[in-house]
Amino acid sequence: MANSRTVVPYHRIALLLVTLALLASWSMPAFAGAIRVPSSATPPPPQGEWVETWPDPAQIVGDSICSPDRKGNVKGLLIGIQKYPKTKFPDLDGSSNDVALLNQAILERYPAASVTTLRNEQGTTDNIRSVLRRLGVEAQCGDFVVFYYSGHSRLTKTLGNGYSYHLMGVDAENEGNGGVIPALELSQLLTSIRNRGSHVLAVIDTSHAAALRLVENQEPLNIWSYKKMLPEEITPKAEERITLRPGAGGLSVFYASKDVQQAGEYERTDGKSYGLFSYSLAAALTTADPGASVRTLALKTKEYMGHVRETRQHPVYQSTDPDAPILAPQQPSSGLKLELHDPPVTRGAIRIGKNKFTVKGRIKQPGKIVDLSINFRSVKPADFDRKTGEFTMRDVEMKPGQNELSVLATFSDFHKEVMVIPVAVEGNLEQIVGSGKQYVLTIANSDYSKTSYTVLKTPGNDVKEISTLLAGQYGFASSIKDRDGNQHNLTLVDASRDKITEVMEVLVDALRPEDSLLVYYAGHGIYDETSQQAFWVPVDGSRRTKLISADELTTRFFANMQARHVLVVSDSCYSGALSRGGDTVKERTGEDRSRYIERMLAKQTRQLLSSGNNEPVADGGGNNHSIFAQALIEGLQEMDETLFTVSDLFYGHIKTRVAGARSANQSPQLQMIKKSGDEGGEFVFKKKKALGTP
């Protein structure tokens, strides 16, 4: 039985072991095995106290060599350690395989990459430090440097009153402080590489990985975080730190697990084991589109891990520049010559009446194929005739709505050819909409009497009627349970900054991918010319403090929410500036309405419906409501369709009523929210009768 990537610290001995289920097949190698359950054999925690040590800045920091015409290279250090002979830590089965797999994925994407691998007995702390220091001298402006570690980490008591996690070299000892690299030292070594002008991607596949807190040990930057972090770790004295220089490269960190979770291994049908996270990362790296960003790689890794729906392992992704491109693309050619027999090819998307079906066809490509996969599942050898190219894949399963059928062939010379065919699976409305829940968070801020802002008249009435309408006709819930089963009210009246951010954090953790969220804000909003940012004003906000910026809403909350569909409705001054640079959502023209809705439901969306552009808006003018709220209420009441998009609502009912009103001079907007993970979908409203509910 394979083991977790670390032992359970003695103060967390009650943690449940991660249970991982069967993965669907994948081509990179084939998904078809069982996840290895972490071992329950837990060696005793290390004894004694650890005094943090720091590398000599003079030895590892060099001047960045930046030239405008220089083309960056890819460099890396990949470490995989399976056995720790001087400790009682259990052996790992997949760490060495992880290094080979990631090295292959990097070289396939960027053949000119310069990668150093340290496996098993090579992975001493002296060797690890030596390579990192060398990278701190050799890395240059524009390089992309990958640091990868697969193995055990451990908790060590620090001199003082805290604890710190350290990566373990193969020379780690069961007691004492030998053979480990403290998280703070590793962070400093990565800083030295960044100071050369290189972007660093650090990947840590070990249990409790996020406890290393590498980003938090860098100087503060604009951190994009896929999951929130927990309390701060001890930091070094200011004079001991290697500080970031102007022009330093970015930092992205992929942790395989939260700081309170174990990381599991996966066994293929051929008996080889891998870290579940590393295996998924390699898949994402191999299949990512040309020019894909760090953010895209994180989302694709999460998607591949989703093949194991029962897993409780949740990676953590952080980056100072989530839109930085990853490596250099080396994509499969899209020239695969394929003859599809079943299902038959038609113009446009293939339409299928059931969600599980058989695919039959023939590869007409010359050359020896060593692997053939369909939607990340390898075709069994018995079902693939390599002489004729005939193949059969049974039980291909897709969800109702829009899908893709991806056929990928890997040839003996390691090049890949792919063909992607659109497939639409028929289903009733309930199947297409899915089983997720719809939630509405409403914020009605009127009482600004303790601030310099004027008291507003209509937010309370607006929110009350909109909440009632969404609950009664559309089935939106106004409360949600967190992961511990605690109920949280989503109707906020005269809310402070702390209350709004607290509820947003609950939503980040509690929402599921199949859920939808509508956020309605009515209150004051301001726009700061200096920072060129729009802000919501909580009831305890001043002109400069306790505001909630558009960037915070986007990067801290909306981008990190699991819900596939999020719509923000903001009825406040300057609300259109909350999504500066976001593309305007255009009115649907031509395409069949039902198929359009299918497509929109399949894609993740983050949209903003604002009462105006970057301008003041009216408080009133709509029968005890704001003019915008009145148009929204009437539109929701008058929509005849049981299923419709927010653009249907906006262009059919809201835009002309608000923009044409004599009592107001404002232009409502419908936009995607930039840098929030929007993939071009639309928020879809579903009336109760669409789902057969009373």
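**A buried serine and beyond**

Tutor: Ser 406 counts as buried because its relative accessibility is 18% (buried means under 20% relative accessible area, exposed over 50%, partly exposed in between, with a 1.4 Å probe and protein chains only). This is a predicted model, where local features need pLDDT of at least 70 and side-chain atom pairs count only at pLDDT 80 or more, while totals for chains, interfaces and linings use all residues. Residues are numbered from 1 along each chain as its sequence is written, and side-chain values use heavy atoms, leaving out hydrogens and water.

Ser 406 belongs to strand β21, residues 401–411 (strands are DSSP runs of E, at least two residues, and helices runs of H or I, at least four, numbered from the N terminus). Setting aside neighbours within four places in sequence, Ser 406 is in contact with Ser 373, Ile 374 and Asn 375, and also with Val 418, Met 419 and Val 420 (contact means heavy atoms within 4.5 Å).

Met 672 is buried, with a relative accessible area of 18%, and sits in strand β34, residues 669–672. Its C-alpha atom is 9.9 Å from that of Val 568, 104 residues apart along the chain.

Now for a pair of helices. Helix α3 (residues 125–138) passes helix α4 (residues 183–194) in a left-handed crossing (the near helix is turned anticlockwise from the far one by less than a right angle; clockwise would be right-handed). On the α3 side, the contact involves Arg 129, Leu 132, Arg 133, Leu 135 and Gly 136, and on the α4 side Glu 185, Leu 186, Leu 189, Ser 192 and Ile 193.

Notes:
Axes are lines fitted to C-alpha atoms, for helices over the stretch in contact, and angles run from 0 to 180 degrees between N-to-C directions.
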